[in-house]
Amino acid sequence: MKKRFKFICLSVMILLLSGCWDQISIDKRAYVVAVGLDKGEKEDEIKITYLISNPELSKQQGGADEPPREIISFQTSDIITSKNLANTIIAKDIVYDLLSVMIVSEDFAKSGDFIRWMYDATKDREIKRNIPLIVTKEEASKFINENDPKLETRIHKYFNLILEHGIQTGFIPDSDLHRFFRITEADANLFLAIYGSSEEEKEEKQKEQFIAGGFQTEGETNKTQFIGAAVFKEGKMIGRLTGEETRLTGLLNDTISKADILTSFPDPFDEKYRIAARIMQKEENDVKMNLKNGVPAINVTVPLYMEILSDHSMVNYAKHSRKRNHLKQYIEERITQKMNDLVVKTQEEFKGEPFGWSLIARRHFSTVPEYEKFDWMKSYPSMKINVAVKIKFGEFGRQSELPSLEQVRD
């Protein structure tokens, strides 16, 4: 009986230990944090760039003399077999377990063959669908080499943090591979990808009208910027949106989550100054459609809750209802005009919409074939669309009422 019990215990231990037979320690793996894709020298090739993080940095002992990352670029025929090619130079086993972003150059994204290589990402089990997709103004290889965060040595954390904050502020879209494939295959909406650049533009532009590279800074800091969006139609990049247009797109789209937006407007009583405000969208947009009688029409009402945070002209909006009503009307007209201009741009330039309205339109058709016959993408440019913004004021800062300038200087 005792021998049988010992035999059973030994058998169980052997089975448990067998689960570790193929275990590989961390220091024997090379963790790819970012994959960059550019046009190849040949038509059937691409240039791939690996940004590899050094796992030795997480160890308290040793590893101090090793660099935090390694970058390698080479020509390849696909994303999947490129790992084996890279292992002719990189000694450690290359894996995508910590892959944080996929970066493609604008030039490559605008090519008709871009979609062919992107579908490689659906074949590799290590590449997750929630990986953010970034489009860069310059080559992806140059962007990866130029990107040099000063405060974060663990590069995968840098990408996670800066993209998370960019999505929260609304300057970049919530973009990942799953959304790219879903929207591309649905063939009804435009897909927005994160736009980034490490090249600074010399031309100064109006606040929030710039795109990545247009934000002028000074000091010792990373030159990489993530602002705006790359617009994709049917798996191909066709244009760009500025940071302000990306924010407006988010306000018009109820299919994405939104955080509070901090922005500013010219003061209608003194245009030398600007008014800082916090915009919150507590209610869904009211989208009404008429798709079957005459010319298709869409009427959208966007309810916004707004807090006024500055008053440099000392108008004291919290105290004077007449001036407050004038400010409300001014901001409503300003945002309404910008949203309608954006809609016209999507109709005339992009011939498609990134607002998720096609999902609402499906409710107006009894069957899927009926909706497909309507052909949303083809019908959208000729629709009559009107957007109206309705604002409700909240607080006027922590100290709502301000003393007059004459009273302070008396």
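**Salt bridges and a cavity in the predicted model**

Asp124 is buried, with a relative accessible area of 11%, where buried denotes under 20% relative accessible area, exposed over 50%, and partly exposed the range in between (1.4 Å probe, protein chains only). The structure is a predicted model, in which local features need pLDDT of at least 70 and side-chain atom pairs count only at pLDDT 80 or more, whereas totals for chains, interfaces and linings use all residues. Residues are numbered from 1 along each chain as its sequence is written, and side-chain values use heavy atoms, with hydrogens and water left out.

The side chain of Asp124 meets that of Lys83 in a salt bridge with an N to O distance of 3.7 Å, a salt bridge being a side-chain nitrogen of Lys or Arg within 4 Å of a carboxyl oxygen of Asp or Glu. Asp124 lies in the loop between α4 (114–118) and β6, and Lys83 in helix α2 (residues 82–86), so the pair ties together parts that are 41 residues apart in sequence; helices (H or I, at least four residues) and strands (E, at least two) are DSSP runs, numbered from the N terminus. Lys83, at 13% relative accessibility, likewise counts as buried, and a network of salt bridges links Lys83, Asp124 and Glu126.

Across the whole structure, 15 salt bridges are found. Among them, Asp107 and Lys39 pair through their side chains at 3.7 Å, N to O, linking distant parts of the chain, with Asp107 in helix α3 (residues 106–109) and Lys39 in strand β1 (residues 29–39), 68 residues apart. Asp107 is partly exposed at a relative accessible area of 49%, and Lys39 is partly exposed at 42%. Another salt bridge joins Glu139 to Lys47, with the closest N and O atoms 3.6 Å apart; Glu139 sits in the loop between β6 (133–136) and α5 (140–146) and Lys47 in strand β2 (residues 46–53), so that distant parts of the chain, 92 residues apart, are linked. Relative accessibility is 41% for Glu139 and 21% for Lys47, and both residues count as partly exposed.

Two cavities of 30 Å³ or more were found, a cavity being a set of points, on a 1 Å grid over the protein atoms alone, where a 1.4 Å probe fits but cannot get out, and lining residues having an atom within 4 Å of a point. The second largest cavity holds about 40 Å³ of space, a volume being the space filled by probe spheres set on the points, which are joined across faces, edges and corners. Helix α7 (177–186) and strand β8 (225–233) are the elements that give two or more residues to the lining of this second largest cavity. Its lining residues include Ile183, Asp187, Phe191, Phe232, Lys233 and Met377.

Note on methods: On a 1 Å grid over the protein atoms alone, a cavity is a set of points where a 1.4 Å probe fits but cannot get out, and a pocket is an open set with protein on both sides within 12 Å along at least five of seven lines; lining residues have an atom within 4 Å of a point.
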